[in-house]
Amino acid sequence: MKIVYSELQAGHDPNFFIVRGIVRRSNEQPERAEVMLRSVINDGHEVVTPGNYGREHLLAVHTARYLDFLETAHARWQLLPDANHSEVIANIHPFAGEPCSYPEHIVGQAGWHMADNACPIGPDTWKAAVESASCALHAAELVIQGERVAYSLSRPPGHHAYADRANGFCYLNNVAIAAQYLRNHFDRVVIIDIDLHHGNGTQSIFYNRSDVMTISLHADPSYMTPYYVGYAKEAGFGEGLGYNFNYPLPKGLNTEGYLEKLEDACKHISKFQPQAVVVALGLDAYEKDPYQGICIDTAGFGKILKRIAELNLPTVLVQEGGYLSDALGDNLASALRGFESGIN
Ligand SMILES: [Zn+2]
């Protein structure tokens with residue numbers, strides 16, 4: 001299958017990260033993409049670079065002030081006296097329980113637009129995030145042009161990014177941008193998020209819409225980030241009620257147990273009758289991933305993607321999480337081979 005990749009994504013190399021009070025390098029490193037790129041090249045896939053896609057496709061999902069912030073934050077941060085010159089890191093956040101005003105100061109805006117400490121903005125973060133979204137858009141365009149499937153090797157990932165804020169390693173919501181782009185051609189699109197973590201940004205973006213169904217299978221937020229959302233009771237709102245499905249999964253669930261939940265999700269998809277699929281393809285549900293949540297084995301990713309291929313719909317695969325482990329490249333290879341084996 002065609003793989004969309006841009007080497008400009010490597011410019012995003014976040015350093016600052018806090019885990020349980022300890023500052024250390026982020027898990028979301030450029031080396032991840034290098035491993036995955038080697039994997040797809042070894043498997044003989046054709047790698048293509050994305051075209052230029054306009055800001056309007058980002059604006060279809062994100063607010064203008066958020067895009068302005070992401071684009072200018074690093075340069076504005078440099079003007080602060082005694083600033084950390086490598087990265088913008090928020091240290092104060094608005095409190096949801098009181099009426100808040102949008103601040104003018106860059107420190108206030110950083111707290112407004114950055115939900116946590118996992119999304120620092122370096123000198124090339126904006127460029128990398130735009131390239132990551134462009135890869136997803138290009139994969140969507142390939143599918144519109146008739147490819148049965150295309151894979152976007154997107155980095156930084158996107159599914160935690162909200163319309164107006166970065167979150168959990170994510171800046172631009174690549175799967176949401178791809179799904180919205182597909183909507184120009186298809187009436188109904190389903191997003192299936194198989195990353196270890198709940199696709200909270202994606203859920204939020206489409207929560208009150210009935211034209212894009214969102215389905216997420218993920219570690220139960222009672223024991224893993226994002227903690228506040230991702231529960232089964234979140235079913236959508238207004239027009240969107242009945243078009244959001246969450247499958248919080250118990251710690252240590254194996255491939256067989258996972259496939260049963262996926263089968264249940266497929267019933268909702270069949271009823272919805274989508275014309276295209278976007279997969280938020282996280283590989284961090286792997287049994288030896290550093291996050292240690294769910295226990296999918298390498299062959300399991302192939303089985304999961306095969307089942308998704310059997311929906312028999314044009315499909316855009318977009319890379320999300322999946323961190324350095326002994327088998328990151330093998331897991332991606334298994335997933336892509338599994339999808340191809342499910343195409344009839
Ligand atoms: Zn994840």
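**Group meeting: zinc site, helices and cores**

Buried here means under 20% relative accessible area, exposed means over 50%, and partly exposed is in between, with a 1.4 Å probe and protein chains only. Phe169 also has a phi near 75°, a positive value in a residue other than glycine.

Some housekeeping. This is a predicted model, where local features need pLDDT of at least 70 and side-chain atom pairs count only at pLDDT 80 or more, while totals for chains, interfaces and linings use all residues. Residues are numbered from 1 along each chain as its sequence is written, and side-chain values use heavy atoms, with hydrogens and water left out.

Back to Phe169, which is in the loop between β5 and α6. When I say helix or strand, I mean DSSP runs numbered from the N terminus: H or I with at least four residues for helices, E with at least two for strands. That loop, between β5 (149-152) and α6, also holds Pro156, and the peptide bond from Arg155 to Pro156 is cis, with omega near 0°. There's another cis bond from Thr225 to Pro226, with omega near 20°; Pro226 is in the loop between β7 (212-219) and β8 (244-249).

Gln292 has a positive phi too, about 50°, although it is not a glycine. Gln292 sits in the loop between β9 and α9 and, at 43% relative accessibility, counts as partly exposed.

Now, the metal. Which residues are the protein donors of the zinc ion? They're Asp195 (OD), His197 (ND1) and Asp284 (OD), lying 2.0 to 2.1 Å from the zinc. A donor is an N, O or S atom within 2.8 Å of the metal (3.2 Å for Na, K and Ca), and water is not among the atoms, so sites may look incomplete. Along the chain, the donors follow the spacing D-x1-H-x86-D. The two aspartates link distant parts of the chain: Asp195 is in the loop between β6 (189-193) and α7 (200-206), Asp284 in the loop between β9 (276-281) and α9 (298-309), 89 residues apart. Both are buried: Asp195 has a relative accessible area of 1%, and Asp284 comes in at 0%.

Next, helix α6, residues 174-183. Nine of its 10 residues are buried, so α6 is largely enclosed by the rest of the structure. Among those buried residues are Val175, Ala176, Ala179 and Gln180.

What does α6 pack on? One partner is α5, at an angle of about 35°, with the axes 9 Å apart. Axes are lines fitted to C-alpha atoms, for helices over the stretch in contact, and angles run from 0 to 180 degrees between N-to-C directions. The crossing of α5 and α6 is right-handed; that's the near helix turned clockwise from the far one by less than a right angle, with anticlockwise being left-handed. On the α5 side, the contact includes Ala133, Ala136 and Ile144; on the α6 side, Ile177, Ala178 and Tyr181 are among the residues involved. Contact means heavy atoms within 4.5 Å. By class, this contact has 10 nonpolar, two polar and one charged residues. Ala, Val, Leu, Ile, Met, Phe, Trp, Tyr, Cys and Pro count as nonpolar, Asp, Glu, Lys and Arg as charged, and the others, Gly among them, as polar.

Staying on α5, that's where His138 is found. His138 is buried, with a relative accessible area of 16%, and it touches Val4, Val48, Thr49, Pro50, Gly51 and Tyr53, not counting residues up to four places away in sequence.

Then there's α4, with six of its eight residues buried, so that one is largely enclosed as well. Trp112 and His113 are among the buried residues, and the buried residues of α4 pack against α3.

Last topic, the nonpolar cores. A nonpolar core is a set of buried Ala, Val, Leu, Ile, Met, Phe, Trp, Tyr and Cys residues joined through side-chain atoms within 4.5 Å. The largest core has 52 residues, and Phe69 and Val278 have the most contacts inside it. Elements supplying at least two residues each include α3 (64-78), α4 (106-113), α6 and β10 (315-319). Which element gives the largest share of this core? It's α5, with 10 residues. Apart from this core lies another, of 50 residues, among them Leu283, Leu313, Leu336 and Phe339.
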